[in-house]
Amino acid sequence: MTAAHFSQSYREARQRFLAAAGARRAAIESHAHPLKGAEGEEIATDTALVSTADAPNLLIVSSGTHGPEGFSGSACQLALLHDPLLQRATDSGIAVLLIHAVNPYGFSHLKRTNEDNIDLNRNFRDFSQPYPANPVYEEIHDLLMPTAWPPSEANEEELAAAMARLAGRRDPGVSSGQAVHPDGLFYSGTAPAWSNKIIRAILRKHGTWRRHIAWIDVHTGLGPYGHGEKIFGRHSPETLARARAWWGRDLIVSSMAESVSPRTLGHITGFAPEECPGVAITPTTLEYGTLPGPAVRRALRGEAWLAGHPDAPDALRAEIRRAVRDAFYVDADDWKGMILGQFRAYALQTINGLAAEPK
Ligand SMILES: [Zn+2]
């Protein structure tokens, strides 16, 4: 358990992940992204599978669905690759699949969205159906998207007042997702993104023939400093009962008012039953708090403003990217220790849960 598992750039995180997976004799696959990273480096979604040949159960840990949130997910994956827990999993008939950098473009370039300003956690959806209207986001879009950066004091005040007025709106809420403003926040896209296609292919390859799949998708940016909220989406009562038996009563169902996250549509783990029919699936999001909400929101607004202003001066660009990084990755040892400690407990509970499922 060491803060040293955290990297300072996507490039470093990827190199360390591949090296550790290689040392652990994992089966590695790389899905190269068509674009380059912030340092001109190749970027990719990499997977490492640690398994015996015919493990009936699968534990997936994914990182970087929201770009720089991947600093934490990647550290959790690196810690697991060095953990004897991995051996316990394989001894119990559990294959472990680590998906590194679901959104490698955002991870490297320090943006929560992908190369097309898509929020990937709103993109895994049925595109033959219209995305539901989000009148709450509509109310606030113009305020969220300032005409200049940094935004004026008047804009900040108006936005704070509007956010206070809309607080508690959850179904939908401001961040539930929207398909109307490609330049806005929480944009779902109008077709499956590159990452969507890659993740689906990975799941088809590794998941369809398993008996049971557990999936932990690691996020940051919501909730109290360093606190890991165990979030569970909308599933059958049987699946919820199983999840509570594995993870305890502090599992938070995202449709309930106490969750840090509002109802969202198009979540990354939500499509798993579609790709793996007949497999029991227990998915969860592990969401760690970083900075107070207004600081995170300001970073996201900067990111959106920058996407619409590619001619922004280099110094301003660097400042905005740095704010996004700081909003999703607290570069402090106490915070890192909290991330890894809670992740290990969660991974251990998940492995115990999967191992105890009926064969
Ligand atoms: Zn996230």
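Reader: What makes helix H1 and helix H2 roughly parallel to each other?

Author: This is a predicted model. The axes of H1 (residues 10–23) and H2 (residues 70–81) cross at roughly 20°. Angles under 35 degrees count as roughly parallel, so H1 and H2 are given that description.

Reader: Which hand does the crossing of H1 and H2 have, and which residues make the contact?

Author: The crossing of H1 and H2 is left-handed. On H1 the contact is made by Ala 13, Arg 16, Phe 17, Ala 20 and Ala 21. On H2 the residues are Gly 70, Phe 71, Ser 74, Gln 77, Leu 78 and Leu 81.

Reader: Why is Ala 101 called buried?

Author: Ala 101 has 29 other C-beta atoms within 10 Å. The cut-off for buried is 20 or more, and therefore Ala 101 counts as buried. Ala 101 is found in the loop between strand S4 (94–100) and helix H4 (104–109). Its phi is near 65°, a positive value in a residue other than glycine.

Reader: Where is the cis peptide bond?

Author: It runs from Trp 149 to Pro 150, with omega near 0°. Pro 150 is in the loop between helix H5 (135–144) and helix H6 (153–166).

Reader: What makes strand S6 mostly covered?

Author: Five of the five residues of S6 (residues 228–232) are buried. Gly 228, Lys 230 and Phe 232 point one way, Glu 229 and Ile 231 the other way.

Reader: How do you know that S6 pairs with strand S7 (residues 252–253)?

Author: Pairing needs at least two bridges, and S6 and S7 have two, in the parallel sense. Phe 232 has Val 253 in S7 as its bridge partner. From S6 the chain crosses through helix H8 (residues 237–247) to S7, a right-handed β-α-β crossover.

Reader: How many bridges join S6 to strand S8 (residues 280–289)?

Author: Four bridges join S6 to S8, and the two strands run antiparallel. Glu 229 stands opposite Glu 287 in S8.

Definitions and conventions. Residues are numbered from 1 along each chain as its sequence is written. This is a predicted model: local features need pLDDT of at least 70, side-chain atom pairs count only at pLDDT 80 or more; totals for chains, interfaces and linings use all residues. A residue is buried if 20 or more other C-beta atoms lie within 10 Å of its own, exposed if 12 or fewer, and partly exposed in between; C-beta atoms are placed from the backbone. A crossover is right-handed if, with the strands pointing away from the viewer, the path from the first strand over the helix to the second runs clockwise. Axes are lines fitted to C-alpha atoms, for helices over the stretch in contact, and angles run from 0 to 180 degrees between N-to-C directions. Angles under 35 degrees count as roughly parallel, over 145 as roughly antiparallel, 65 to 115 as roughly perpendicular and the rest as oblique. A crossing is left-handed if the near helix is turned anticlockwise from the far one by less than a right angle, and right-handed if clockwise. Two residues are in contact if their C-beta atoms, placed from the backbone, lie within 7 Å.
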